[in-house]
Amino acid sequence: MAAKMNLLLFYMAFALGTIAGSSFLYSIVIFSQTMDAGKGFSGLVFLFLFLPFPLIFLYTGYLLDRYSKKWILLSFQCLHFLACFSLFYFHTEILVFPYLLILVAITNGMGMTTVLPGRMAILKDIAPTHRVVFHTIVGNLLLIFCFGMSPLLVGALKETYSFQEIFLFLALSHAISIFLTTMLNVEKHITDVKRWNYSEVLY
């Protein structure tokens with residue numbers, strides 16, 4: 001029963017965090033298109049959303065293998081929350097100084113590098129050994145569903161609410177997802193991982 005509750009909490013946190021994270025991507029790009037910051041500004045914001053990937057993603061596996069997967073995931077998901085809450089709390093300031101949006105985009109991008117791999121790594125730790133493949137498939141299907149629903153959710157919210165209210169809603173969704181993740185019982189598996197030696201790779 002405890003194992004099933006653990007999985008249920010995981011999937012709830014997974015779904016809520018994923019749909020909030022993917023909805024943020026659509027929301028921030030659409031929001032940047034409404035700002036008076038010159039042509040191509042939304043493209044610049046989109047670039048900085050994904051710029052952290054080549055800088056941090058190389059070390060994601062090392063972090064997840066060497067340290068607690070749960071707390072690594074929580075740390076990086078807090079960056080998602082920070083990005084959403086910043087757009088809510090500093091909404092007026094960002095409208096006046098649009099290029100502050102780039103800092104928010106970088107913050108969210110840093111979170112994206114590790115959150116999804118972290119969730120999938122935790123799933124492998126909490127799922128029954130003989131059903132890891134099944135739960136991995138379920139996790140991937142849930143991921144696809146959440147990404148697919150995000151544009152519909154953002155569009156529906158925009159019909160009624162302002163961007164500031166939407167970003168508050170996404171921040172609260174991340175906060176609930178983070179809270180649910182703290183309740184997970186994840187065994188700490190630490191692997192002795194050797195740091196990359198680039199000279200060995202090149203030569």
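Residues are classed here as nonpolar (Ala, Val, Leu, Ile, Met, Phe, Trp, Tyr, Cys and Pro), charged (Asp, Glu, Lys and Arg) or polar (the others, Gly among them). The model is predicted, so local features need pLDDT of at least 70 and side-chain atom pairs count only at pLDDT 80 or more, while totals for chains, interfaces and linings use all residues. Residues are numbered from 1 along each chain as its sequence is written, and side-chain values use heavy atoms, with hydrogens and water left out.

The largest pocket holds about 250 Å³ of space. A pocket is an open set of points on a 1 Å grid over the protein atoms alone, where a 1.4 Å probe fits, with protein on both sides within 12 Å along at least five of seven lines; lining residues have an atom within 4 Å of a point. Its volume is the space filled by probe spheres set on the points, which are joined across faces, edges and corners. The lining of the largest pocket comprises 17 residues, and His80, Met112, Leu116, Arg119 and Phe147 are the closest to its centre. By class, 10 lining residues are nonpolar, six are polar and one is charged. Helix 7 gives the largest share, six residues. Helix 1, helix 7 and helix 8 (132-160) each supply at least two. Helices are DSSP runs (H or I, at least four residues), numbered from the N terminus.

Helix 7 (residues 100-126) also packs against helix 1 (residues 2-33). Their angle is about 160 degrees, and their axes lie 11 Å apart. Helix 1 is therefore roughly antiparallel to helix 7, a term for angles over 145 degrees. Axes are lines fitted to C-alpha atoms over the stretch in contact, and angles run from 0 to 180 degrees between N-to-C directions. The crossing is left-handed, meaning that the near helix is turned anticlockwise from the far one by less than a right angle. The contact has 18 nonpolar residues, five polar and one charged.

Helix 5 (residues 69-89) meets helix 7 as well, with axes that come within 7 Å and cross at roughly 150 degrees. Helix 5 and helix 7 are therefore roughly antiparallel. Their crossing is left-handed. Here the contact divides into 14 nonpolar, eight polar and four charged residues.

Helix 1 has a further partner in helix 9 (residues 163-182). The two axes come within 8 Å and cross at roughly 155 degrees. Helix 1 is therefore roughly antiparallel to helix 9. This crossing is left-handed. The contact contains 15 nonpolar and eight polar residues, and no charged ones.

Key:
Angles under 35 degrees count as roughly parallel, over 145 as roughly antiparallel, 65 to 115 as roughly perpendicular and the rest as oblique.
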